[in-house]
Protein chains: 2
Amino acid sequence: MEKGTEKKPEKEKKISAAVIGRLPRYYRYLGELIEEGTERISSRDLAKRMKVTASQIRQDLNNFGGFGQQGYGYNVRSLYSEIGKLLGIDQQHNVIIIGAGRLGQALANYANFAKRGFVIKALFDVNPDLIGNTVKGIPILDVAELEDFLKKNEIQIATLTIPKTQAMEVFGRLKACGIRAFWNFAHTDLPVADHEKIFVENVHLSESLMRLSYRVYEAGRSVEKEKKPAKGKEE
Amino acid sequence: MEKGTEKKPEKEKKISAAVIGRLPRYYRYLGELIEEGTERISSRDLAKRMKVTASQIRQDLNNFGGFGQQGYGYNVRSLYSEIGKLLGIDQQHNVIIIGAGRLGQALANYANFAKRGFVIKALFDVNPDLIGNTVKGIPILDVAELEDFLKKNEIQIATLTIPKTQAMEVFGRLKACGIRAFWNFAHTDLPVADHEKIFVENVHLSESLMRLSYRVYEAGRSVEKEKKPAKGKEE
């Protein structure tokens, strides 16, 4: 934090949850800058692109040591790589997908994940029409082989793209095999006790769509109110 | 709010963004209770299921009038229907999907959306191999026909499941046709000026996965720290 301090990785520092939540977005913007060939950027220019304040950017990025210099700006590659390390993206994460339906296959097919170190090792399903096929070279296996597969392969993340009726049973089996990180698309909450060191990141698509429709509907109601003020209300 | 007041819809009341954010989850749990045949539930039992406090539930649901009664609990169906109305789910929302790749097709195929009033009217793509096909009876059209289609059909929500390189152009075309609500899966932020009445709900899948990996990696670092306390650190 002090001026003139030599740059060093500040691994011991605790970074706030709010900053963490914003890191992937910084990472995305910095990646785009690299693609465009930009080597350095001022907090003001980055702020403009990201539609946040320059002061927020300076505060957030100060957490990661002295990458910004007065009159020079941020070194895009250093910052990108440092944030990537924090996000664990410099490491390989092996992922499996339970549920090889359209959504599971769409995720398996998504090239961006591999670019960020997320390597999908297998999909699992109960459907005999799917078992034995591959998606982008990734095998679809029988979910009955799950335990056996997890004994032979080091997997860090399990993705659940199965109906909620099957999610609980599979969740229990995966936990029993030592899986601790779950990317959950099933339309239900996975029950985690406080003492369990289990991490669940939910993607509830229906709920996301409902939040959107609420805002559209809410805006529509405001317009109606503008049209007929309270005193003109009909009984 | 007063005791003994007759139940009536409180349309004029402004509900906080935090409560709104929680509504889809209430809606989901209430839907499950209906499926199970539960007619009423106490705030305590609902709190237990949802892993929140009973006091939060009472505060949140008080926003929607007198559905909870001392010693009786909440009428599950009334509350479900009232929250559904707030979320705009009692109305039909016509949706299009731009990008008929695996993700677009997965969304088109998702039965839960129709159940909540989101009716997918068409998918659009540039790929001649896809154009002319259907997904669950929904046609895949040429994206060149977009403007023509939007003139003839009332569409409220556009879903973007296209690469970020194409997202900006399509976003501009959709806005020009009067679309105001965007469900954005493209790996980029859609630029919305403050004065525009445009609503964007982002689903950035890579970022969700990175937040998960951060937590896994962070937990791993904590474990390492527990194993070797600072004084035992090797140089």
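## Chain A at a glance

Chain A holds 9 helices and 10 strands, where helices (H or I, at least four residues) and strands (E, at least two) are DSSP runs numbered from the N terminus. This is a predicted model, in which local features need pLDDT of at least 70 and side-chain atom pairs count only at pLDDT 80 or more, while totals for chains, interfaces and linings use all residues. Residues are numbered from 1 along each chain as its sequence is written, chains are lettered from A and ligands numbered from 1 in the order written, and side-chain values use heavy atoms, leaving out hydrogens and water.

Of the 235 residues in chain A, 49% are buried (under 20% relative accessible area, 1.4 Å probe, protein chains only).

## The nonpolar cores

A nonpolar core is a set of buried Ala, Val, Leu, Ile, Met, Phe, Trp, Tyr and Cys residues joined through side-chain atoms within 4.5 Å. The largest one has 104 residues, and those touching the most other members are Ile83, Trp183 and Leu205 of chain A and Ile83, Trp183 and Leu205 of chain B. A second, separate core of 24 residues includes B:Phe124 and B:Phe149.

Which residues does B:Leu205 touch, leaving aside those up to four places away in sequence? They are A:Leu107, A:Phe113, A:Trp183, A:Phe185, A:Val203 and B:Leu103, with contact meaning heavy atoms within 4.5 Å.

## Lining of the largest cavity

A cavity is a set of points on a 1 Å grid over the protein atoms alone where a 1.4 Å probe fits but cannot get out; lining residues have an atom within 4 Å of a point. Among those lining the largest cavity are A:Phe113, A:Trp183 and B:Leu209.

Technical notes. 1 Å grid on protein atoms, 1.4 Å probe; cavity = no way out; pocket = protein on both sides within 12 Å on 5 of 7 lines; lining within 4 Å. Buried < 20%, exposed > 50% of the residue type's maximum accessible area, 1.4 Å probe, protein only.
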